[in-house]
Structure formats: C-alpha cells, structure tokens
Amino acid sequence: MKIFATIKSKILSLIIVLTVLPAVIIIYYVDRHAENIFTEHIHDTLTTVHYSYRNTIEGLISKGLNYGELITSDVSLKEAVAYQMMTDDNSLLLNILERYYRELDLNNIEFTDKKGVVKARGHLPEKYNDSKKEFPFTRKMINKPVITWDYEVGKRGTTLK
C-alpha cells in the first residue's frame, strides 16, 4: 500500500508540475508581452501627441507671422497710431484693432506705447490706459523697441502679441 501511495503521490506531484509550470511560464510570457505592448502603445501615443502639438505650434507660429506681417504693414494702422499719439484720441486705432480682432479671430490684440501703457484693445475696447510694463513681452519691447509680434499660450488659448 505504501508503494501505491508513494507512486500516487509522485504522479500527483508530476501532474501538478506539468500543469502548473507551463501555466507559470505562460503567465510570465503574457505579462512580459503585455507590458511590452503597453509600453510600445504609450510610447507611440506620446510620440503622436508630441508631433501633433509641435505641428500645431508651428502652424500657430506661421499663422502669427502672417498676421504680424499683415498688421505691421497696414498703412491705416500706422496712421491711426500716429493720430492717437498726437491727439490722445484712440477711436481710429480702436476701430482697426476691433476689426482685426474679429476678422482674424484673435484672443486679443492691443497697442501699447513706449512706456507700456495700453492705448487701445480690440478685444476690450472700453479698457485702456492701464500699464503692462511689468509683463515680460512688454519689458522686452520697451528695452528694444521694434515693431514685432510674439505669441503666448494662456488659459483662453493662444494670444498674438
């Protein structure tokens, strides 16, 4: 009887090893394979998102350059700025900035003087004469005055400056 019990025990052990060992190997392989697939999927997704954002930003920069060239070459805008500086009347400047704001679908557009004081805003025509001299872009413009533009990504979207 003891021999039969020993053989039965060894057969049972062999059956357990033959069923559990492959299951463990399969689970290990599936786990590693799933981890690799997951890692590859995450990498592919992040790469796609990266290129998507990069292309969007490049598009915005290109759009901004086009808008910047259009706005800074506008003779009527230059005349309105000169008129505002001579008379302190910003009505002509406001009309032009409001038109650009609507037609170009901008988040905002504003004109500041050499001291950083806002003289007109196309997006908030009633708000002007406040100072933006502490804003980084305005400080940059005060220190090196040239007609230029820039963009900034904020809470409400991308802003052309």
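Student: Which ring does the charged end of Lys-132 sit over?

Tutor: In this predicted model, the charged end of Lys-132 is placed over the ring of Phe-135, 4.5 Å from the ring's centre. Another case is Arg-99, which lies over the face of Tyr-100 at 5.1 Å from the ring centre.

Student: How many aromatic pairs does a search of the whole structure find?

Tutor: Zero; the search covers the whole structure.

Student: How should I read salt bridges, and how many are found in the whole structure?

Tutor: The general idea is that side chains of opposite charge can pair when their charged atoms come close. Here the search of the whole structure gives six salt bridges. One of them joins Arg-121 to Glu-110, with 3.1 Å between the closest N and O atoms. That pair links distant parts of the chain: Arg-121 belongs to strand E2 (residues 118-121) and Glu-110 to strand E1 (residues 110-112), eleven residues apart.

Student: Is Arg-121 buried or exposed?

Tutor: Buried means a relative accessible area under 20%. Arg-121 has 4% relative accessibility, so it counts as buried.

Student: What is the N to O distance in the salt bridge of Asp-113 and Lys-119?

Tutor: The distance is 3.9 Å. Lys-119 has a relative accessible area of 13%, so it is buried. Asp-113, at 24%, is partly exposed.

Student: Now a helix. Which residues of H4 are buried?

Tutor: In H4, which spans residues 136-143, the buried residues are Phe-137, Thr-138 and Met-141.

Student: Why do the buried residues of H4 line one face of the helix?

Tutor: Look down the helix axis and note the directions in which the residues point. For H4, the buried residues fall within an arc of 100°, and therefore they line one face.

Student: Which exposed residues does the face turned away from the buried side of H4 carry?

Tutor: That face carries Pro-136 and Asn-143.

Key
Residues numbered from 1 in each chain as written. Predicted model: local features only at pLDDT ≥ 70, side-chain atom pairs only at ≥ 80, totals over all residues. Heavy atoms only, no water. Buried < 20%, exposed > 50% of the residue type's maximum accessible area, 1.4 Å probe, protein only. Helix = DSSP H or I, 4+ residues; strand = E, 2+ residues; numbered from the N terminus. Arc of directions from axis to C-beta. Salt bridge = Lys/Arg side-chain N within 4 Å of Asp/Glu carboxyl O. Phe/Tyr/Trp six-rings, centres within 6.5 Å; stacked < 30°, edge-to-face > 60°. Lys NZ or Arg CZ within 6 Å of the ring centre and 35° of its normal.
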